[in-house]
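Here is a walk through one structure. Keep the sequence and the 3D view open together while you read.

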Amino acid sequence: MPRTGRSALLAAALVTAVAAGPLAAPAFAAASEPARTSTAPATAGPDTEALAAAVAGLPDHDATAALLRVGGDGTWRGTAGVRDVRTGAPALENARFRAGSVTKVVTASIVLQLAAEGRIGLDGTVQRYLPGLLTEDFAPVTVRQLLNYTSGLRPGASLGDTVEEGYPHRFETLTPRQVVADAVAQGPAYAPGTRQTYGNIHYTVLGMLIEKVTGDSYAHQAELRIFRPLGMRHSSFPAGADPRIHGPHNRGYDWIDGKLVDVTDWNMSDRFAAGDLISTTADLERLLVGLFRGRVVPEPELREMFTLPDVPGARYGAGLERFEVNGKVIWGKTGSRPGYATVIAATPDLSRTLVYSVNSTDAKGDGLAVAQRFAFPAFNR
């Protein structure tokens with residue numbers, strides 16, 4: 001069936017009588033064929049058959065679109081699904097999306113650049129660089145402990161811990177200072193440097209640190225230090241409390257109370273330097289490759305990103321997480337915001353790289369299921 005015919009059928013299945021708001025539970029049929037290219041030989045590189053199967057049939061109950069880029073010893077590109085479930089228009093390969101916690105890689109890179117420049121010390125403390133931010137209840141917390149999630153800070157204020165809770169508040173603003181003030185008011189969770197607890201709070205404080213040390217906005221520092229040098233022309237941070245994704249994008253959806261709801265427009269101001277990035281798969285591939293090649297953070301600071309702290313069960317270095325997939329050691333970062341799930345990952349020698357954005361309808365839920373479907377095949381061989 002021609003693409004236009006599929007789009008028409010899909011639109012008929014998904015369009016509701018209401019112009020905005022929750023969508024009726026759709027019958028995910030007449031999915032578009034994925035656009036894909038591959039240069040991987042049959043005996044090496046990614047499992048292209050599994051990758052093609054992962055994006056085949058989109059949209060379905062779990063995802064409305066997917067954009068995948070695999071590189072290294074064999075390349076594979078895949079784009080599938082729809083841009084908008086109401087119209088059935090095909091997904092855009094160059095779409096911008098919310099990259100969630102992949103933002104932390106940008107933040108860690110800026111902090112490590114500042115360390116390389118001698119403007120901060122990794123063993124310097126929050127109490128020194130941001131006097132008055134922490135109360136006397138807190139032992140000294142170092143920059144390194146913020147980078148590797150061992151600071152002992154508790155999670156800060158939130159407008160909802162789940163998509164369902166946050167959706168009614170999606171246009172409200174919660175500033176980074178409010179988030180941190182709430183965390184500080186709860187007191188420390190444990191002595192700094194003794195445990196690793198992943199969370200946004202560490203990187204929210206690092207964003208404030210960047211602004212204090214540079215006298216500039218976090219977003220502008222990211223533009224100057226990361227985006228422009230790497231040619232990431234389609235990466236940005238929302239201006240203030242702007243809830244929109246500007247430029248071409250595939251809309252994001254989530255199941256809320258049994259209905260598929262458009263969650264694209266959302267004020268992410270509370271995520272700040274921990275999760276506010278908007279980017280594209282091509283731009284994130286530039287970030288990944290540039291970082292691993294030492295073009296973003298110089299040695300010896302770069303080693304911090306690939307060094308686990310000496311605490312039980314540590315999985316995170318400075319901004320990056322260590323994975324093992326099919327016997328391969330992988331370093332990367334996951335990210336999720338309502339309607340969008342993102343991964344950047346690579347072997348240390350860049351023999352295999354992966355960047356994907358999936359318009360997951362449960363992006364803040366079962367991330368493992370999304371990874372098993374879309375990420376694991378990239379490292380199968």
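Start with the lining of the largest cavity: two nonpolar, three polar and three charged residues. In this count Ala, Val, Leu, Ile, Met, Phe, Trp, Tyr, Cys and Pro are nonpolar, Asp, Glu, Lys and Arg are charged, and the others, Gly among them, are polar. The model is predicted: local features need pLDDT of at least 70, side-chain atom pairs count only at pLDDT 80 or more, and totals for chains, interfaces and linings use all residues. Residues are numbered from 1 along each chain as its sequence is written, and side-chain values use heavy atoms, without hydrogens and water.

The largest cavity has a volume of about 40 Å³. Its lining consists of Leu 67, Leu 68, Arg 69, Arg 77, Gly 78, Thr 79, Glu 93 and Thr 281. Two elements, β2 (63-72) and β3 (76-81), each give two or more residues to that lining. Across the whole structure, the search finds two cavities of 30 Å³ or more. A cavity is a set of points on a 1 Å grid over the protein atoms alone where a 1.4 Å probe fits but cannot get out; a pocket is an open set with protein on both sides within 12 Å along at least five of seven lines; lining residues have an atom within 4 Å of a point. Points are joined across faces, edges and corners, and a volume is the space filled by probe spheres set on them. Helices (H or I, at least four residues) and strands (E, at least two) are DSSP runs, numbered from the N terminus.

Now move to the second largest pocket. Its volume is about 210 Å³. Of its 13 lining residues, Ala 219, Pro 238, Gly 240, Phe 272 and Asp 276 are the closest to the centre. The lining splits into seven nonpolar, four polar and two charged residues. Most residues other than glycine have a negative phi, and most peptide bonds are trans.

Leu 58 and Pro 59 are joined by a cis bond, with omega about 5°. Pro 59 sits in the loop between α2 (48-55) and β2. The bond from Glu 299 to Pro 300 is also cis, with omega near 5°. Pro 300 is in the loop between α11 (281-292) and β8 (321-325).

Which strand does β5 pair with? Strand β5 (residues 253-256) pairs with strand β6 (residues 259-262) in the antiparallel sense, over four bridges. Pairing requires at least two DSSP bridges between two strands. Tyr 253 stands opposite Asp 262 in β6. The two strands form a hairpin with two residues between them, and Asp 257 in the turn has a positive phi of about 55°.

Finish with the helices. The axes of α7 (residues 176-185) and α8 (residues 201-214) come within 10 Å and cross at roughly 130°. That makes α7 oblique to α8. Axes are lines fitted to C-alpha atoms, for helices over the stretch in contact, and angles run from 0 to 180 degrees between N-to-C directions. Angles under 35 degrees count as roughly parallel, over 145 as roughly antiparallel, 65 to 115 as roughly perpendicular and the rest as oblique.
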